[in-house]
Amino acid sequence: MSDPLPPAPPRWRPWLPFLGIAAIAGSLAAALAWTAGWLTPARVTAPRLVDTIENGKPFVGFRRAHARGVCVAGHFEPTAEGAALSKARVFTQPRTPALGRMSIGGGDPNGPEAMARVRSLALQLDTDDGQQWRLAMNSFPFFAVSTPQAFAEQILASRPDPATGKPDPAKQQAFAERHPEVLRFMAWAQSAPWSDSYANTAYHGVHAFRFTNAAGESRFVRWSFVPQAPFKDFPADQRQAAEASHLADELGARLAGGPVRWTLAVTLAEPGDPVEDPSQPWPEERTRVAAGTFVLERAYPEAEGNCRDINFDPTLLPSGIAASRDPVLAARAAAYAVSFHRRQRERAGQEAN
Amino acid sequence: MDAKTHYDRTARWLHWAMAAMILALVFIGAGMVASLEARPWLIELHRPLGLLVLLLAVLRLWHRRRHPPPPLPDSVPPLQARAARASHALLYGLMFAMPLLGWAMSSAGGYPVVLPGGWVLPALAPQDAALYTWLRGAHGVLGYAFFGVILLHLSGALYHAWVRRDGVFEAMAGRR
């Protein structure tokens with residue numbers, strides 16, 4: 001700087017500002033590409049998880065999971081015990097209209113209902129304050145694995161081997177060794193009794209949520225919809241012989257005789273109970289509170305504008321109920337959004353043609 | 001502050017605050033459609049922040065009409081001046097379009113638009129599969145287009161700052 005005669009600037013000097021501009025714009029673009037997951041093909045993103053579920057052969061226009069189902073409608077009636085746990089309007093409004101869907105697990109919209117190990121109940125409760133509570137519940141009491149990455153791995157490990165048409169036992173074995181929590185789920189799938197109806201099946205929220213009451217007291221809970229209809233066994237030979245639409249047909253016939261009810265049972269966590277791992281059940285002796293009754297009045301086929309067009313995202317919650325930091329719960333929201341976008345786009349394409 | 005050469009304080013505050021918010025929105029948006037774990041809290045950030053941008057965009061356009069921006073110096077070639085005006089119009093258009101598309105696509109998808117504190121906004125569109133698809137597609141594509149225009153805008157600004165040194169950058173960035 002103090003030289004009286006500085007040397008002539010090098011020839012690249014005039015390009016320096018342009019290099020700087022390109023570096024800044026390029027870094028920003030690269031940062032966005034990284035955020036969107038484009039630079040990390042091995043990272044399981046929401047679209048990639050849904051790709052894995054589709055396995056290149058999606059059932060066009062259907063939910064990527066729980067593709068076969070029936071719409072239901074009814075209402076929810078809370079108890080004072082429920083209102084003591086959460087300030088959500090659903091626990092103070094005498095009756096909240098409920099729209100929902102009962103379905104079987106799996107991506108095949110034509111799968112035989114009686115043979116499905118997993119049954120589900122999804123609901124949307126619309127309260128008069130404009131808020132919504134969406135629930136996505138399953139007949140399994142806990143999730144198979146503790147992370148969405150393990151879930152993606154499980155799908156790959158369970159995929160049928162093209163040579164045998166069956167999953168490769170060695171891959172399944174290796175998966176179970178890496179994620180031993182899956183053994184508990186497999187034991188449930190093996191031994192849990194089969195009921196003969198959607199109506200006498202229990203549906204579990206599986207994930208932990210945080211309830212906050214009007215006094216501002218918060219606690220973690222899990223909930224189940226416990227059927228009031230009596231359990232009736234559904235033996236293997238009857239399941240084999242049943243029509244593909246058995247559960248939906250049976251529900252329709254049952255509802256002709258009057259509504260079907262479930263009790264919303266809220267289980268209260270105690271300190272130390274896992275609230276971020278859906279594969280770990282809480283001890284049986286935890287306090288359970290009857291927080292309300294779900295009354296199912298009608299069932300009808302899926303069609304445009306009804307439950308077909310609802311994304312039952314279990315993280316859409318009213319004030320007074322909040323999600324835990326369970327990564328599988330968050331992954332549900334992410335994957336359901338991808339599935340919803342894809343199937344609605346496919347439906348829109350079908351309707352335009 | 002000379003109104004002939006510099007944006008006024010309000011305009012500069014609005015510009016820089018919104019620049020930060022809009023860039024954050026693009027990153028949150030791209031992140032929340034990819035991420036398996038972060039979607040629920042990212043969307044709860046994205047929604048009110050997007051609506052805040054809509055509110056500020058209204059304020060900004062109103063302010064701009066009352067306090068016109070300084071003209072470009074005569075040294076800027078006419079073609080570049082036209083490109084600058086077009087990109088500014090595009091940026092303003094997107095500031096309004098993106099939040100409105102996001103709001104409308106939520107409504108068309110059947111999602112309630114709930115703000116922190118439980119405030120529920122009215123639906124901006126009827127619940128409809130085809131409409132949702134269209135709006136969701138537009139919100140995604142225009143989001144990336146917005147980012148592209150922002151990069152051009154930023155590159156142009158730095159070109160004025162470092163190559164032309166004609167005071168255009170300082171009109172918005174100057175600290176006087």
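Of the 176 residues in chain B, 30% are buried. The model is a predicted one. Chain B holds five helices and two strands, and along the sequence these elements are arranged as α-α-α-β-β-α-α. The C-alpha trace of chain B extends over about 50 × 30 × 25 Å along its principal axes. When contacts in chain B between residues at least 6 apart in sequence are considered, 67% of them link residues at least 24 apart.

In chain A, helix 4 covers residues 148–158. Its buried residues are Pro148(A), Ala150(A), Phe151(A), Ala152(A), Glu153(A), Gln154(A) and Ala157(A).

Pro97(A) lies in strand 2 of chain A, which runs over residues 96–104. Within 10 Å of Pro97(A) there are 14 other C-beta atoms. A residue counts as buried at 20 or more such atoms and as exposed at 12 or fewer; Pro97(A) is therefore partly exposed. With residues up to four places away in sequence left out, Pro97(A) touches His75(A) and Asp126(A). The C-alpha atoms of Pro97(A) and Ala8(A) are 80 Å apart in space, and the two residues are separated by 89 positions in sequence.

Definitions and conventions:
Residues numbered from 1 in each chain as written. Chains lettered and ligands numbered in written order. Predicted model: local features only at pLDDT ≥ 70, side-chain atom pairs only at ≥ 80, totals over all residues. Helix = DSSP H or I, 4+ residues; strand = E, 2+ residues; numbered from the N terminus. Contact = placed C-beta atoms within 7 Å.
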